[in-house]
Amino acid sequence: MNNQELLNRITTNPQIFNGKPIIRGRRLAVEHVLGMLAAGDTIETLLEGYPWLEREDVLACLAYAYRLVAHERIEPLLVETQP
């Protein structure tokens with residue numbers, strides 16, 4: 001499954017979580033999945049906790065996060081230090 005097919009699993013609905021990105025129209029926010037992964041949960045743990053969730057859904061969340069940060073531009077902040 002390519003990235004575009006994965007990203008098609010991420011949807012928004014103004015009636016669910018005020019339009020935050022969700023997985024396949026369900027009441028599970030991408031933010032929540034990413035938070036669980038960041039906290040150390042495995043994909044397998046997520047799949048056990050959400051029986052309807054598919055591995056590709058979790059990969060879609062990662063692809064979505066990558067897409068967001070791939071376009072970030074970081075401007076260095078130059079600070080003068082005194083000798």
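Predicted model: local features only at pLDDT ≥ 70, side-chain atom pairs only at ≥ 80, totals over all residues.
Residues are numbered from 1 along each chain as its sequence is written, and side-chain values use heavy atoms, with hydrogens and water left out.

The mean pLDDT (the predictor's confidence in each residue, from 0 to 100) of the chain is 93. A value of 70 or more is reached by 100% of the residues. Helices (H or I, at least four residues) and strands (E, at least two) are DSSP runs, numbered from the N terminus. Confidence is lowest in H1, with a mean of 91, and highest in H2, at 98.

A nonpolar core is defined as a set of buried Ala, Val, Leu, Ile, Met, Phe, Trp, Tyr and Cys residues joined through side-chain atoms within 4.5 Å. Buried denotes under 20% relative accessible area, exposed over 50%, and partly exposed the range in between (1.4 Å probe, protein chains only). The largest such core comprises 15 residues. Those with the most contacts inside this core are Ile10, Ile23, Val33, Leu46, Leu53, Val58 and Cys61. Two or more core residues are given by each of helix H1 (3-7), helix H2 (30-38), helix H3 (43-49) and helix H4 (55-70). The largest share, 4 residues, comes from H4. With residues up to four places away in sequence not counted, Val58 is in contact (heavy atoms within 4.5 Å) with Val33, Leu37, Ile43, Leu46 and Leu53.

The whole structure contains 4 salt bridges, a salt bridge being a side-chain nitrogen of Lys or Arg within 4 Å of a carboxyl oxygen of Asp or Glu. Side chains of opposite charge can pair when their charged atoms come close. Arg9, Arg24, Glu54 and Asp57 are linked in a network of these interactions. Arg9 pairs with Glu54, the closest N and O atoms being 3.1 Å apart. This pair links distant parts of the chain, since Arg9 is in the loop between H1 and strand S1 (10-11) and Glu54 is in the loop between H3 and H4, 45 residues apart. Arg9 is buried at 14% relative accessibility, while Glu54 is partly exposed at 32%.

Arg9 also forms a salt bridge with Asp57, with 2.5 Å between the closest N and O atoms. Asp57 lies in helix H4 and Arg9 in the loop between H1 and S1, so this pair ties together parts that are 48 residues apart in sequence. Asp57 has a relative accessible area of 0% and is therefore buried. A salt bridge joins the side chains of Asp57 and Arg24 as well (2.7 Å, N to O). Arg24 is partly exposed, at 31% relative accessibility.

Positive phi values in residues other than glycine occur at Arg24, where phi is near 45°, and at Phe17, where phi is near 50°. Phe17 is located in the loop between S1 and S2 and is partly exposed, with 35% relative accessibility.

Val69 lies in helix H4 and is partly exposed, at 46% relative accessibility. Ala38, in helix H2, is exposed with a relative accessible area of 70%. Between Ala38 and Ala63 the C-alpha to C-alpha distance is 15 Å, and the two residues are 25 residues apart in sequence.
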